[in-house]
Amino acid sequence: MVTISDDTRTSAGLGTKSEPLLRVRDLTIEFPSAGGWQTTVDGVSFDVGAGESVALVGESGSGKTVSSLAVMGLTAATGGRIARGSIEFDGRDLTKVHEREWRKLRGRGMGMIFQQPIRSLNPAYTVGDQIAESVRKHLGLDRKAAMARAVEMLELVQIPRAKERVTEYPHAFSGGMCQRVMIAMVMACNPRLLIADEPTTALDVTVQAKILDLLRDLQEQTGVALLFVSHDLAVVAELCERVVVMYAGEIAENAAAEEVFFRPQHPYTSGLLASIPQPGLNADRRLVAIPGGIPAAADWPTGCRFAPRCGHVTPGVCDVGHPPMASVPTGEARCLRVQDLDLQGVSVR
Ligand SMILES: Nc1ncnc2c1ncn2[C@@H]1O[C@H](COP(=O)(O)OP(=O)(O)OP(=O)(O)O)[C@@H](O)[C@H]1O
Ligand SMILES: [Mg+2]
């Protein structure tokens, strides 16, 4: 195992010296099921610093969207409840504030973009009207100023001929353009945190790369913090400074991005890395999918939740005790055998 400097350790997350912008602790979310309330997100803790880009990564069903929606104050709206934990934004615990406060925060404090931008836009209004409506509501601008802001924002997200296109309806925009419009709408109110839930999954690869470039540019220009949700480690490699890996409702590993890629501490992270193509790096290596699938919340094993799929499992250890989150030199990992393993990361720097 490699020892790293205190500075890198601090940037690995929990234990950040200055107060983070977003501080999630022990977040536990339940949904109703036939047998009563079922836990689907279980004791999740992570930070996002001001201006930082953090990835929330994991296979389908690991709890990324449920966690992100909780940060946006939308748990109840999706039928769930926060059973435990806190979500501090700028020092305030949002689990204790009134819905009115959430509505204010959702505009000016934080915004979220989703996988299917076309579904988030109203087909009956022009894109300009939709951006303007958002800034009128949250920033109190008059109609003319709001429209000017809409054009300015379309320019910021690099939509050509913004002055003309502002009067067009969403159907006239491609999927990638709709995602730019969504980003414009959210960024128009100057949020401090942008949550992007698989924002490029529905787009083709070249458009995907452009949206990632745009998010990077926006971060540089505005200093907005980014919580980037993805099932794809390859996508987050370029964009994010820190990676939080989720598995079966909990965090498996939390470390600086470089550490996660080159020195993964959890077998699940190592498995995710082995299953992504890295042109020029592992072209000669067969991609290895992690066997099996993520268990449904009702079937979470009592020991390590990853044990049934883990190539490093020690019977009598991993299938018995539920591993606590442990400090490791790179950050944190939830694996009982973390001290003994020498896991494979990306092979070349
Ligand atoms: N409204 C809901 N009611 C009941 N269960 C839900 C609800 N929303 C999510 N879940 C459950 O919570 C778990 C986590 O779902 P979530 O959508 O957060 O996964 P995800 O990591 O975002 O996956 P994906 O990559 O497919 O988007 C899943 O088992 C899902 O079935
Ligand atoms: Mg999701």
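Predicted model: local features only at pLDDT ≥ 70, side-chain atom pairs only at ≥ 80, totals over all residues.
User: How do you know which helices and strands build the lining of the largest pocket?

Analyst: At least two lining residues each come from helix H3 (99-108), strand E6 (110-113), helix H5 (127-139) and helix H8 (175-187). The largest share belongs to H5, which gives six residues to the lining of the largest pocket. By class, that lining divides into nine nonpolar, seven polar and six charged residues.

User: Why are other spaces in the structure called cavities rather than pockets?

Analyst: A space is called a cavity because a 1.4 Å probe fits there but cannot get out, whereas a pocket is open. The structure holds two cavities of 30 Å³ or more. The largest cavity has a volume of about 90 Å³, and the second largest cavity has about 60 Å³ of space.

User: What makes up the lining of the second largest cavity?

Analyst: Among its lining residues are Tyr247, Glu250, Ile251, Ala252, His266 and Cys304. The largest share, three residues, comes from strand E10 (residues 250-256). By class, the lining of the second largest cavity divides into six nonpolar, one polar and three charged residues.

User: How do you know that Arg309 and Glu59 form a salt bridge, and what does the pair tie together?

Analyst: The closest N and O atoms of Arg309 and Glu59 are 2.9 Å apart, and the cut-off is 4 Å between a side-chain nitrogen of Lys or Arg and a carboxyl oxygen of Asp or Glu, so the pair counts as a salt bridge. Arg309 lies in the loop between helix H12 (267-274) and strand E11 (326-328), while Glu59 lies in the loop between strand E3 (53-57) and helix H2 (64-71), so the pair ties together parts that are 250 residues apart in sequence. Over the whole structure, 22 salt bridges are found.

User: How many salt bridges are there between domain 1 and domain 2, and how do you know that the two domains are in contact?

Analyst: The protein chain is divided into domain 1 (1-97 + 192-344) and domain 2 (116-190). Their contact takes 15 residues from domain 1 and twelve residues from domain 2, where contact means heavy atoms within 4.5 Å. Between them the domains bury about 1100 Å², 74% of it on carbon and sulfur atoms, and the count of salt bridges between domain 1 and domain 2 is zero.

Notes:
Residues numbered from 1 in each chain as written. Chains lettered and ligands numbered in written order. Heavy atoms only, no water. Helix = DSSP H or I, 4+ residues; strand = E, 2+ residues; numbered from the N terminus. Nonpolar A, V, L, I, M, F, W, Y, C, P; charged D, E, K, R; others polar. Domains from an automatic or database assignment. Buried area = accessible area lost by both parts, 1.4 Å probe. 1 Å grid on protein atoms, 1.4 Å probe; cavity = no way out; pocket = protein on both sides within 12 Å on 5 of 7 lines; lining within 4 Å. Points joined across faces, edges and corners; volume = space filled by probe spheres on them.
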